[in-house]
Amino acid sequence: MTTSSSEQGVSLGMPELPAPGYPDDIRARLDADAREIIARYPDSRSALLPLLHLVQAEEGHVTRTGMRFCADVLDLTTAEVTAVATFYTMYRRRPGGDYQVGVCTNTLCAVMGGDAIFEELQKYLGVGNGGTTDDGKITLEHIECNAACDFAPVVMVNWEFFDNQTVQSAKRMVDDLRIGRTVSPTRGAPLCTFKETARILAGFPDERDGAVEASGSAGPASLAGLRLARGETAPARVVHPRDGGPHDEPQDRAVHEPSPTEHLSSHDAPQDTSASDPAHPAGPTAEEGE
């Protein structure tokens with residue numbers, strides 16, 4: 001019995017034919033880029049990861065043709081290349097949208113609203129996890145961790161950070177992306193398409209005006225521990241419970257007022273955050289030991 005490839009993604013019938021090569025003009029251009037990438041490494045095999053980003057930048061996902069190209073220039077088998085391309089989630093195996101919207105659904109982001117954001121975006125865009133909108137603009141996926149827990153819930157678009165998101169802000173963001181309106185990350189370089197992002201990840205410079213200078217780093221909340229380790233002192237900040245109550249600080253206690261450029265964490269009340277379970281809101285914050 002032959003299993004249908006449309007049902008299972010594999011076929012137990014006739015073996016798959018070898019992948020076609022790139023057209024001559026594309027192959028010549030990719031060969032030149034590949035030589036530049038391979039020259040960075042003492043062992044050519046180490047260039048496989050950036051080369052996979054390179055072929056992903058060509059077609060928007062890693063195709064069988066792209067894997068054949070990587071195998072040819074690195075003198076590897078296609079099985080060796082496939083093993084790597086299927087291991088790392090940053091490599092797409094099927095066509096996707098211009099903007100990959102990843103919603104963190106790991107523990108902290110989930111309880112701060114990431115689950116609610118992901119569930120609502122699936123309904124709003126009409127796609128499931130890994131699905132792409134009909135206009136080819138948005139591919140939606142859940143991500144296990146964006147390594148930005150201080151700013152939960154976090155959404156990434158083509159690997160750029162959008163911190164402290166809510167259901168409403170995430171919906172506005174995807175609307176803007178679909179109509180071509182400029183969308184700016186909370187920190188980091190201006191957005192570019194998924195293909196352009198893949199080429200940058202392959203190790204080629206971002207040649208857009210001001211893009212390199214705009215590349216940010218971790219926000220102040222993430223760097224607080226580093227400042228303390230260096231012996232630096234930060235202004236005292238009083239964090240009130242979100243709904244006020246008996247734990248309010250005395251009026252004569254100085255309260256740190258952040259500057260307009262200071263990026264707060266979602267844990268610095270009283271900022272609004274997306275409720276993961278609106279039917280069961282969190283109560284007042286209790287002091288340790290109570």
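Modeller: Helices (H or I, at least four residues) and strands (E, at least two) are DSSP runs, numbered from the N terminus. This is a predicted model, in which local features need pLDDT of at least 70 and side-chain atom pairs count only at pLDDT 80 or more, while totals for chains, interfaces and linings use all residues. Residues are numbered from 1 along each chain as its sequence is written, and side-chain values use heavy atoms, with hydrogens and water left out.

Colleague: How many helices and strands does the chain have, and what pattern do they follow along the sequence?

Modeller: The chain has 10 helices and 4 strands, and when read along the sequence these follow the pattern α-α-α-α-α-β-α-β-β-β-α-α-α-α.

Colleague: In what order do the strands of the sheet lie?

Modeller: Strands of a sheet pair through backbone hydrogen bonds, either parallel or antiparallel. Two strands are taken as paired if DSSP finds at least two bridges between them. Here 4 strands form an open sheet in the order S2-S1-S3-S4, and the pairing is mixed. Its edge strands are S2 and strand S4 (160–162), each of which pairs on one side only, and the twist from one strand to the next averages 25°.

Colleague: In which sense do S1 and S3 pair?

Modeller: Strand S1 (residues 99–104) and strand S3 (residues 155–157) pair in the antiparallel sense, over 3 bridges, and Val101 stands opposite Val157 in S3.

Colleague: Which helix lies across these strands, and at what angle to S1 does it run?

Modeller: Two terms are needed here: contact means heavy atoms within 4.5 Å, and axes are lines fitted to C-alpha atoms, for helices over the stretch in contact, with angles from 0 to 180 degrees between N-to-C directions. Helix H7 lies across S1, S2, S3 and S4, and runs at about 170° to S1.

Colleague: Where does Arg178 lie, and which residues does Arg178 touch?

Modeller: Arg178 lies in helix H7, which spans residues 167–179. Not counting residues up to four places away in sequence, Arg178 touches Leu125, Thr133, Asp135, Lys137 and Ile138. Although Arg178 and Lys137 are 41 residues apart in sequence, they are 5.8 Å apart in space, C-alpha to C-alpha. A polar contact is a pair of N or O atoms within 3.5 Å; within protein, one must be able to donate a hydrogen and the other to accept it, and residues adjacent in sequence count only if both atoms are side-chain atoms. The side chains of Arg178 and Asp135 make such a contact, at 2.9 Å.

Colleague: Is Thr139 buried or exposed, and what does its side chain reach?

Modeller: Buried means under 20% relative accessible area, exposed over 50%, and partly exposed in between (1.4 Å probe, protein chains only). Thr139, in strand S2 (residues 138–143), counts as buried because its relative accessibility is 6%, whereas Arg178, at 31%, counts as partly exposed. The side chain of Thr139 reaches the backbone nitrogen of Gly97 at 2.6 Å. Leaving aside neighbours within four places in sequence, the residues in contact with Thr139 include Arg92, Tyr99, Val101 and Gly130. Over the chain, buried residues make up 37% of the 290 residues.

Colleague: How many aromatic pairs does a search of the whole structure find?

Modeller: Rings of Phe, Tyr and Trp (its six-membered ring) pair if their centres lie within 6.5 Å; planes under 30 degrees apart count as stacked, over 60 as edge-to-face and the rest as tilted. The search of the whole structure finds 3 aromatic pairs. One of them joins Tyr22 and Phe69 edge-to-face, at 6.0 Å centre to centre and with 70° between the planes. Tyr22 lies in the loop between helix H1 (5–8) and helix H2 (24–38) and Phe69 in helix H4 (residues 64–74), so this pair ties together parts that are 47 residues apart in sequence. Tyr22 is buried at 12%, and Phe69 is buried at 1%. Tyr88 and Tyr91 also form an edge-to-face pair, 6.4 Å centre to centre with 85° between the planes; Tyr88 is partly exposed at 39%, while Tyr91 is buried at 6%. Together, Phe87, Tyr88 and Tyr91 form one aromatic cluster.
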